[in-house]
Amino acid sequence: MSSVATPAPVPRRRRRTKLHSRQARLAWLLLLPALAAVSFVAIYPLGKTIYESFTNQEFLAGITPTKWVGLHNYRVLFHDTFFRNSVIETVKFTGITVVFEFALGLIIALVVNSSFKGRGLMRAVMLVPWAIPTVVAAKMWQWMLDDTFGVVNDLGVRTHILSHSRAWISDPSTSLASVCAVDIWKTTPFVALLLLAGLQVIPRDLYEAADVDGASKLQQFWRITLPLLRPAILVTLIFRTLDALRVFDVFYVFFGQRPDTQTMAIYNQSTIVGDGHVGYGAAISVAIFLIISLFVVIYVTFMRVTEE
Amino acid sequence: MSTAAEAARARARPASRGVWLRRSPVGRLVKKVPFWLLIAVIFVYALFPFYWAVRSAFTPASELFNTPVQYFPSHPTLANFRDALSTDFFRRALLNSTIVAGSVTLISLLIGSLAAYALGRFRFRGRSAVLYLMLSMTIFPQIAILGALYTMISDFHLYNRLGALILTYLIFTLPFTVWVLTSFMRDLPGDLEEAAYVDGATPIQVFYKVLLPLIAPALVTTGLLAFIAAWNEYLYAVSFIQTPQKYTVPLAITSFVGKSGQAFQVPWGSIMAATVIVTLPLIAATLILQRRILAGLTAGAVKG
């Protein structure tokens with residue numbers, strides 16, 4: 001790979017011609033609307049959130065005058081058991097869904113990667129769960145998991161896997177599993193498609209050479225497929241983890257604001273919109289932002305370490 | 001001679017079962033069974049929940065809330081669809097979501113294609129900085145700025161207006177659009193552009209006469225993805241919208257309640273009819289999109 005000869009460094013000529021500076025000016029002009037929009041809807045609000053997290057701002061400003069409170073919000077947040085529980089719940093959800101989605105997604109990708117009649121149809125079918133809005137998917141599953149008329153209970157009892165119908169969503173021992181089921185169903189096919197794209201760039205002749213050398217299919221998987229798929233795997237894992245950490249829709253549809261099943265995003269949303277505590281809510285937002293960044297740093301470090 | 005016989009025996013040795021499985025047609029069929037079984041399982045797993053929604057949408061209430069559960073409606077009916085479509089806020093939601101998602105998509109494509117032109121076809125200082133900014137924006141957690149947006153929206157008197165959603169949805173549609181369109185722009189061959197410049201075209205003319213038609217398939221694909229993202233959004237909608245007349249589709253889907261006589265019973269038939277109505281167009285569009293991706297992007301334009 002690195003045997004390609006690098007061209008000798010060419011001394012940079014002074015070519016700051018009129019044409020070039022005109023080009024640059026035009027480029028920035030074209031970028032202006034996009035940069036303005038992004039600044040207005042993302043960068044400015046982010047700065048505003050960080051500022052607000054150091055104040056006691058309330059949505060109904062008349063009640064208490066807004067003033068600078070320093071780190072007070074963060075001190076309170078540190079001892080906030082609701083927040084701590086929401087972090088635990090979110091991390092549990094993230095761990096379960098990412099592991100299942102990755103494992104199932106990899107199996108599906110490997111199966112679909114082999115050529116067979118109807119592969120195109122299969123790929124189309126895999127896009128169906130992805131295209132369904134999360135809220136809609138949550139509603140479909142809520143009905144399937146219904147305690148009296150739900151198809152999951154009916155199938156379970158008919159096949160004698162279940163001895164009796166269960167209230168999957170309201171029973172605290174299965175509520176987390178039921179939200180995970182929705183997310184896994186909706187996202188696994190997409191994970192599979194991402195991994196499939198990675199599988200398809202692995203050169204076929206590697207496998208042919210391994211066949212000639214007498215390597216078993218399992219050896220080929222561990223020694224060829226997995227190492228070469230690593231970039232695709234890492235990108236998939238990062239995106240899935242970041243997505244799972246900010247989960248809101250499924251939990252909100254299933255449980256509303258039930259305190260024992262709040263995610264970080266739901267606690268944050270109900271603090272800001274439900275209770276109107278904008279300042280404290282901003283501190284929660286910053287904390288979520290930091291937690292998510294922490295995961296990114298962990299992944300990137302891990303990627304660097306294993307690369308050496 | 002004995003060596004040849006030995007070689008033949010050696011060749012016959014590797015488990016006759018394996019050879020039988022590979023050679024005979026029946027054996028080949030037997031070997032394929034687990035594979036097709038796996039395919040069938042994936043197929044059913046991916047489609048069953050949607051099938052169940054369709055089945056429930058066509059099942060009359062009397063059968064829907066009855067055990068044992070029927071796997072196919074014995075008296076299919078359109079009553080649930082009529083119920084859903086006669087619900088005022090659901091009809092409004094279809095219109096509202098179309099307005100919001102449509103506007104967000106158009107704005108993103110308009111602003112985004114200009115930015116992608118600059119990022120994909122020009123060399124200038126700060127180009128990669130802008131690209132990194134856009135990339136980091138695509139994984140930006142929307143929840144992180146909810147509080148600031150909430151106060152901004154009330155300051156601009158946009159609370160409970162569709163404008164609030166059109167504005168805030170740009171956070172996730174615009175950087176994504178810029179990023180994807182830039183990669184398409186960059187991959188376009190330079191000869192058509194050069195030919196246009198030789199003919200005396202201005203950069204703006206090159207943009208909308210040469211490049212835009214070339215990336216039209218990418219615009220459709222990207223636009224569709226932006227549309228789906230906006231159509232599905234829930235967090236901002238539930239935070240910034242209050243009255244049923246302003247509901248978007250996800251809000252409406254979660255707001256169905258039983259009629260006055262049977263308030264205790266969740267109207268699952270109408271809800272499932274509504275879910276089928278809102279997802280069918282998305283599924284159809286996605287299947288078309290899939291073909292778009294497969295189709296070569298520039299092949300036709302350069303050769304033709």
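This is a predicted model: local features need pLDDT of at least 70, side-chain atom pairs count only at pLDDT 80 or more; totals for chains, interfaces and linings use all residues.

Visitor: At what angle do H1(A) and H8(B) pack?
Guide: H1(A) and helix H8 (residues 146-155) of chain B pack at about 105 degrees, with axes 8 Å apart. Axes are lines fitted to C-alpha atoms, for helices over the stretch in contact, and angles run from 0 to 180 degrees between N-to-C directions. Helices are DSSP runs (H or I, at least four residues), numbered from the N terminus.

Visitor: So what do you call that?
Guide: H1(A) and H8(B) are therefore roughly perpendicular, a term for angles of 65 to 115 degrees.

Visitor: Which residues make the contact?
Guide: From H1(A), A:Pro45, A:Lys48, A:Thr49 and A:Glu52; from H8(B), B:Gly147, B:Ala148, B:Leu149 and B:Met152. Contact means C-beta atoms, placed from the backbone, within 7 Å.

Visitor: How many residues does each chain bring to the contact?
Guide: Chain A gives 60 residues and chain B gives 68. On the side of chain A, helix H1 (residues 18-52) supplies the largest share, 17 residues.

Visitor: New topic. How many helices and strands are in chain B?
Guide: Chain B has 16 helices and zero strands.

Visitor: And its domains?
Guide: The domain assignment, automatic or from a database, gives domain 1 (2-64) and domain 2 (88-255) of chain B. Their C-alpha centres lie 44 Å apart.

Definitions and conventions. Residues are numbered from 1 along each chain as its sequence is written. Chains are lettered from A and ligands numbered from 1 in the order in which they are written. Two residues are in contact if their C-beta atoms, placed from the backbone, lie within 7 Å. Helices (H or I, at least four residues) and strands (E, at least two) are DSSP runs, numbered from the N terminus. Angles under 35 degrees count as roughly parallel, over 145 as roughly antiparallel, 65 to 115 as roughly perpendicular and the rest as oblique.
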